[in-house]
Amino acid sequence: MRFKIVIVGGGTGGITVAAQLLRRWRALSGEIAIIEPSEKHYYQPLWTLVGAGITPLSVTVREEERVIPPGAVWIRDAVELFLPGENRIVLKSGESIAYDWLVVAAGIQLDWDKIDGIREALESGTVGSNYAFDTVEKTWNALKRFEGGMALFTAPNTPVKCGGAPQKIMYLAEDSMRRKGVRAKATVRFVSGGTMIFSVPKFAATLNRIVRERNIETHFRHNLVALDPVKQEAIFENLESGDRVRMPYDFLHVVPPQSAPDFIKESPLADAAGWVDVDMHTLQHKRYPNVFGIGDNTNLPTARTGAAIRKQAPVLVHNLLAAIRGEPLSARYNGYASCPLVTGYGRLMLAEFVYGDVPSETFPFDQAKERFSMYVLKKELLPIIYWDGMLKGVM
Amino acid sequence: MTAERASRTTNDAPTLEAVLADPAVERALVDLLHDLPEWAARLKALGNLLAFAEHLLADRESLTYLLSGLKEDWPPVTLDRETLAALLRLLDKAPRLVALLDKIEPMVEFAVALAEDQESQRYLCESVQSYVAPFKEKAAEAKALVDAIRRRAQEDRTPVGVFGLMKLLKEPVVQELLITLRAAASVLGERKGHGRS
C-alpha cells in the first residue's frame, strides 16, 4: 500500500491535521492514511472534572470511526517500525506502507510499570488516576469514601501531558473535602518530582497563594517509585539525596511517569530522549525533511496540551503543503500552550503562554485570577469546540 | 569531389542524407517510429470523434433533443449584457470575496457540525439546565411561600385585636421587620435632613 501522506496516530493531533489537510486541499481525498489501533477517541481534558464527580465519563468518549474525516483512510493497526530512509513504515500486522510524506502524532506513553505495586493499588478503593479512561472514575470513588486523614497527590519528574492536571484534581478534591465537612480532619499534600508549582511565574504566583491560603503542603524533588496498598504507603525517591521516603495515605491520586511511545524511542526519528526530533518552529523533522511531528510525542519545548496542538496543527499543515509544492516553510509555531487550571468547583485560572514561559493571554483581563467564566469556558465550551471545530479542521 | 562537398547543395543547405546521418535526428526518428502505433490509434480516435461531431451537427433531431434537455436541467438563466457585466464585476471582486469567505466558512462549518452533533447539543442543554436549576428551585420555594401566606390570610379573616397585636409583636419575624423599618426610617430621615441643609 502507498499513500501520499501517512499520519501515525488518530488522536487530537492526527485527526486535526488530517481534517485541515483535506479542507485545504480536496485533491488529497483518498491519499491520506491514518494509522490508529484504538476504536475509541477520548476528550481527555474533561477527565479532571470526571475525577471530581462533576462530569460523567461517558461524554468524554466517541467512536474513532466518527472522528475520522471524510476522505481519510483509517488503518486500524499500530506501527511496529519506522523506516524513514525508505519512506516506509511497517505495521504490527506485518503490512508495509509506503508514503511520500509522514506526520507523527502518536501521543505519549503512560509508564505505569515504573511504579511498583500500582496495579494492585488501583484496585484498593483508595487510589485513582485521572490519566487513563479506566482509572479516572476510581479517583471520584475514592474521594467520595474519604472521611479524613492523609490525601496525597503525586506528579512525576518526567514530562507529562497537561502539566497542570496533577494539581487540578488536588484543588478540586480539597474543595470537595470542605463541602463535605471533612477538611479539618484532612492533610492535603502535593508531592512532585519537579522543582516548582508552575513554570510560568505570573501564574505560579496565584497557585502559590492558593496553596498557602488553603493550607496545602508541598514537597518537591520527590518521585513516586512504589506503592504498598496493604499498608497504604507511598514510597518516594528523594531526587536530591537518593533516599527512599515513605508516606502513609488514606487517599492517593497518582500521575504515572510518561515518555515517548516505545516504537518512536527505538526509531531513527527519535532524539536522544526518545521524542520525535522536530524543528521547534516549523515542526519539520530535523533529519528527514518529508517527516513532520505534532503534539505530545515531539521534543517541542512547551507544555503537552490539546491547546498547544490546536496552534501547532495549522503551522504543520501550512508547512507540509508548502513542502509538497517545493516552496519554503514559512509558518512558525511560537510555542503557544494553554493550561486551564481548575482551582475549585466553579473556579479556574486560564494560563496561556508561549516559548520561554512568557504569558500570552487571549482575553482582555488578568487571566492570573480565578474566574467562574473561565470555568464555564473549560467545562461547557471547550468540549464543543473540540468535537465540532478542532476535529473538523475548522478551529 | 569530397564527401563533405557532396553532402551540400549548391545554396549550401544540408542534404537529406546529411540530416539523416545526424545521431540526434536518428534517435528522434527511432523514437517517433516506436510511438507510431500509438499516434495512429490516437489519430483514428480523433477521426472518429470528428466524424461523430459532423454527424451530430447534421442531425437536427438529436441537436434539438440535446438542447431542450439542457434547457430543462439547467436553471433559467438570461445571459444578457447586464448578466455578463455583473459576472465580470464579481470576478473583479473575487479575491476579496474569497478572503471574506475563508473567514466565515470555518464558523459556518462549526455551526453545521454542532447542529448535526446531537451528543454535543445534549451536553450543552444539560449544562445549561444544571446552572439554571438552583435558581428555578429558589423561585419555586419563594412562590410556594407566598402562596401559603396568601392562603392562610384568606382562610383566617378574624380581626387582629390589641392582645393579638401584642402577641404578634413578640414574633421574631415581626420584630425583624419592625427593626428593619425603624432603621430605614432613621436612614431616610438623615438623608432628608442632609438634603435640606
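Visitor: Is A:Asn130 buried or exposed, and what is its relative accessibility?

Guide: A:Asn130 counts as buried because its relative accessibility is 7%. Buried here means under 20% relative accessible area, exposed means over 50% and partly exposed is in between, using a 1.4 Å probe and protein chains only. Before going on, some ground rules. This is a predicted model in which local features need pLDDT of at least 70 and side-chain atom pairs count only at pLDDT 80 or more, while totals for chains, interfaces and linings use all residues; side-chain values use heavy atoms, leaving out hydrogens and water. Residues are numbered from 1 along each chain as its sequence is written, with chains lettered from A and ligands numbered from 1 in the order in which they are written.

Back to the residue. A:Asn130 sits in the loop of chain A between β10 (127-128) and α5 (136-145); helices are DSSP runs of H or I with at least four residues, strands are runs of E with at least two, and both are numbered from the N terminus. Leaving aside residues up to four places away in sequence, A:Asn130 touches A:Trp47, A:Thr48, A:Gly51, A:Val136, A:Thr139, A:Ile169 and A:His253, where contact means heavy atoms within 4.5 Å. With A:Thr139 there is also a side-chain polar contact of 3.0 Å. That term covers a pair of N or O atoms within 3.5 Å; within protein, one must be able to donate a hydrogen and the other to accept it, and residues adjacent in sequence count only if both atoms are side-chain atoms. A:Ala165 is 35 residues from A:Asn130 in sequence, yet their C-alpha atoms are 8.1 Å apart.

Now follow the contact to A:His253. This histidine belongs to strand β17 (residues 251-253) of chain A, and it counts as buried because its relative accessible area is 0%. Besides A:Asn130, A:His253 touches A:Gly128, A:Ser129, A:Thr139, A:Leu152, A:Phe153, A:Thr154 and A:Ile169, again skipping residues up to four places away in sequence.

Next, a strand pair. Strand β11 (residues 149-155) of chain A runs parallel to β12(A), and 7 bridges join them; two strands pair if DSSP finds at least two bridges between them. A:Met150 is opposite A:Thr187 in β12(A). Strand β12 (residues 186-192) of chain A has 6 of its 7 residues buried, so it is largely enclosed by the rest of the structure.

There's also an open antiparallel sheet of 3 strands in chain A, in the order β14-β15-β16. Its edge strands, each pairing on one side only, are β14 (222-228) and β16 (244-248) of chain A. From one strand to the next, the twist averages 30°; axes are lines fitted to C-alpha atoms, for helices over the stretch in contact, and angles run from 0 to 180 degrees between N-to-C directions. Strand β15 (residues 233-238) of chain A pairs with β16(A) over 5 bridges, in the antiparallel sense. Across that pairing, A:Ala234 is opposite A:Met247, and A:Glu237 has A:Arg244 as its bridge partner. The β15(A)-β16(A) hairpin has 5 residues between the strands, and A:Gly242 takes a positive phi near 85° there.

One helix is worth a visit too. Helix α6 (residues 165-180) of chain A lies across β20 and β21 of chain A, at about 15° to β20(A). Those strands belong to another open sheet of 3 strands, ordered β20-β21-β22 in chain A with antiparallel pairing. Here β20 (337-344) and β22 (358-359) of chain A are the edge strands, each pairing on one side only. β20(A) and strand β21 (residues 347-354) of chain A run antiparallel, joined by 7 bridges, and A:Ser338 has A:Glu352 in β21(A) as its bridge partner.

Finally, zoom out. Chain A is assigned domain 1 (2-108 + 260-333) and domain 2 (111-258), with bounds from an automatic or database domain assignment. The C-alpha centres of these two domains of chain A lie 31 Å apart. Their contact takes 18 residues from domain 1 of chain A and 18 residues from domain 2 of chain A.
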